[in-house]
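Q: I have a structure open and would like to go through some parts of it. Can we take it piece by piece?
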Amino acid sequence: MEKTDNLSKQLELNSLIEFSQLINSNLDLKFILGNILLPIMGKMMIGKGLMLIKKNPDKKDDIYCVGCAKGIKLLDAEQEIEFEFPKSAYFESSELPQDDNFFVKNDLRYFFKVYFDNKLLGVLCLGKKINPKDSLSKSEIIFIETLLNLSSSSIENTIKFSEIKRLNDELSNKLTQLNSLFELSKEFNSNFLEKDKVLKLLGFTLLGNLGIKDFVIFTKYKSDKFYLLYSNKKLDLEGHDLSILERVKLPVFLNASHENSLIKFLASKNYELIVPTINDNEVQNIICLGKKLNKTGYNQSDIEYLSSIINLSVMSIENAMLFGEFLEKQQMESELRIAREIQVGLLPKEIPQVKNYDISAVNIPAMHVGGDYYDIIKLNDKKTAFVIADVSGKGTPAALLMANIQSAVHSFLKVYDENTFDISDITLKINELIYENTTPEKFITFFWGILDNETHKFEYINAGHNHPVIIRDGKVEVLDKGGLMIGVMNFGLKYESGEIGLNEKDLLVLYTDGVTEAQDEFKNEYGEDALINLLQERKNEKCKDIVIHIKTEVENFSKNCKQFDDITIISLKRN
């Protein structure tokens, strides 16, 4: 009998040695746990077994992951269990709370804690024996505890190995992502001239690296509201308020049951994740990403990688748009320079000499091309025409209309005959011509007059223009006879001509509203009073100096302010 017991103990010892060699030869946790469970369940005739491993062995929490299960069907939600077990190393289900907990529900009866160096690694959970009347004997409990003691170092080593392997995998993945971002940055930089190429590259990157096919970009680029910049599939956003995107400061998942109609709409179109880009603490762009083709969800690593890709690509897209605008601006400036050269060609190249009179003029456009027009045309030895006009608007359209009226004035004055020329009738014809060739919202303030340098009579028409000023013997007179501005209407009009005589030292100044409506930094206008005061002070100077003084004083008044309107001045003085 004694011989038989010794043989049995020898066999048990041999099996423990073989077991120890087996589990120490492998670093696969599932393999080790499986080889703990199966011999115990087979030897003890137990139908159910479960190995729980602490999720964070170094923390004092009660969260366990299922390491291995035999004879138990687990739900996905049961892969991780939070439960406070009794303090003892071995206990039975009778010591557990008898509520509807996981262990009671699965009829697990015996529990053994697994320690290594006084650190809890996990819990072995066993069901009842096949014969319900049998319970674990003392020797069986000692056998299981011995087996777990032999296994604990392997479990600890495997957990450490798994953690190191996980960290290595994460590090390797991060390095791969870093290299990928480096390569992408080179690609984005080499394609920054064309927005479409950058968008195409972003699409390939999302598809190739993460299996994301669909994406949408909303932006506030040069706008105070979000708008759709790009979508790789048709997206009807009519009726949806995009303002909710202002509140997206961090990556968020879309929810089909969200109360906002835009979020609900995007979720219904299979978009899953929103990633913002922030600039100066303000959301500038929102990228909405579709579901992955492999049906897996986005994890934290994906989101971090996506944030880097998206920031990189959005920066390239904005650079591409800026570069496009730069090219358009260069093209526009080139065209404006050409238009300016043409317009300058329409203005007098030099001021004609008029007997007994000192004359000077200047034109300063607010943009490359402006809408002001002036002319001084010598008709014969006695008669000289003076013209000043201001076309509504600025830029190329105003310059084209200015060219129209310049052409009309020159055409009518080309056939000038002092015996038949009627300034009122010709003004009416100029109005008809401009009215027929312009849209209703365009008009011209127009003043012109014919000076006779022998009789010193000056006959004029003022068609809605700023009243020219005469400084005579220290007094001020204005030339206001005329009618409605040019191009507004084409019926029922009549232009009344005015006539004045110019005495010696009389000063006549014609100007456009760019002079009197020039503004300072407080939006105050230079005004007619300031102009008249200046003319009173400078009335005895040469016309050229008077024009320079007006120009300089207006520039000083508007210092640090952008010139918003063309400035034209004609100064005429009888010697």
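Q: Leaving aside its neighbours within four places in sequence, which residues is E156 in contact with?
A: This is a predicted model. In it, E156 is in contact with F116, K119 and L121, once neighbours within four places in sequence are left aside.

Q: Where is E156 found?
A: E156 is in helix α4.

Q: Is E156 buried or exposed?
A: E156 is buried: its relative accessible area is 8%, and buried means under 20%.

Q: What about L175, which helix is that in?
A: L175 also lies in α4, which covers residues 138-190.

Q: And why does L175 count as partly exposed?
A: Because its relative accessibility is 47%, and partly exposed runs between under 20% for buried and over 50% for exposed.

Q: Which residues form a nonpolar patch with L175?
A: L171 and L178. Together with L175 they have about 300 Å² of accessible area on the surface.

Q: Now the sheet. What is the order of its six strands?
A: The order is β3-β2-β1-β6-β5-β4. The sheet is open, and the pairing is antiparallel.

Q: Which are the edge strands?
A: β3 (80-82) and β4 (90-92), each of which pairs on one side only.

Q: How are neighbouring strands turned against each other?
A: By 25° on average, with direction ignored.

Q: How many bridges join β4 to β5?
A: Three, and the two strands run antiparallel. Strand β5 covers residues 108-116.

Q: Which residue in β5 stands opposite E92?
A: Y110.

Q: Back to α4. Which strands of the sheet does it touch?
A: Helix α4 packs on the sheet and touches β1, β4, β5 and β6. Its direction makes about 50° with that of β5.

Q: Which strands does helix α2 lie across?
A: Helix α2 (residues 29-44) lies across β1 (49-54), β2 (63-70) and β6 (119-127). It runs at about 60° to β2.

Q: Change of topic: where does Q519 lie?
A: In the loop between α10 (513-516) and α11 (528-538).

Q: What does Q519 count as, at 24% relative accessibility?
A: Q519 counts as partly exposed.

Q: Which residues is Q519 in contact with, leaving aside neighbours within four places in sequence?
A: N524, E525, F557, S558, C561 and F564.

Q: And what separates the C-alpha atoms of Q519 and I532?
A: They are separated by 17 Å, with the two residues 13 apart along the chain.

Note on methods
Residues are numbered from 1 along each chain as its sequence is written. This is a predicted model: local features need pLDDT of at least 70, side-chain atom pairs count only at pLDDT 80 or more; totals for chains, interfaces and linings use all residues. Side-chain values use heavy atoms; hydrogens and water are left out. Patches are made of residues with over 30% relative accessible area and no salt bridge: like charges are joined within 9 Å, nonpolar side chains (Val, Leu, Ile, Met, Phe, Trp, Tyr) within 5 Å. Accessible areas come from the Shrake-Rupley method with a 1.4 Å probe; for residues, only the protein chains shown count as cover. A salt bridge is a side-chain nitrogen of Lys or Arg within 4 Å of a carboxyl oxygen of Asp or Glu. Helices (H or I, at least four residues) and strands (E, at least two) are DSSP runs, numbered from the N terminus. Buried means under 20% relative accessible area, exposed over 50%, partly exposed in between (1.4 Å probe, protein chains only). Two strands pair if DSSP finds at least two bridges between them. Axes are lines fitted to C-alpha atoms, for helices over the stretch in contact, and angles run from 0 to 180 degrees between N-to-C directions. Contact means heavy atoms within 4.5 Å.
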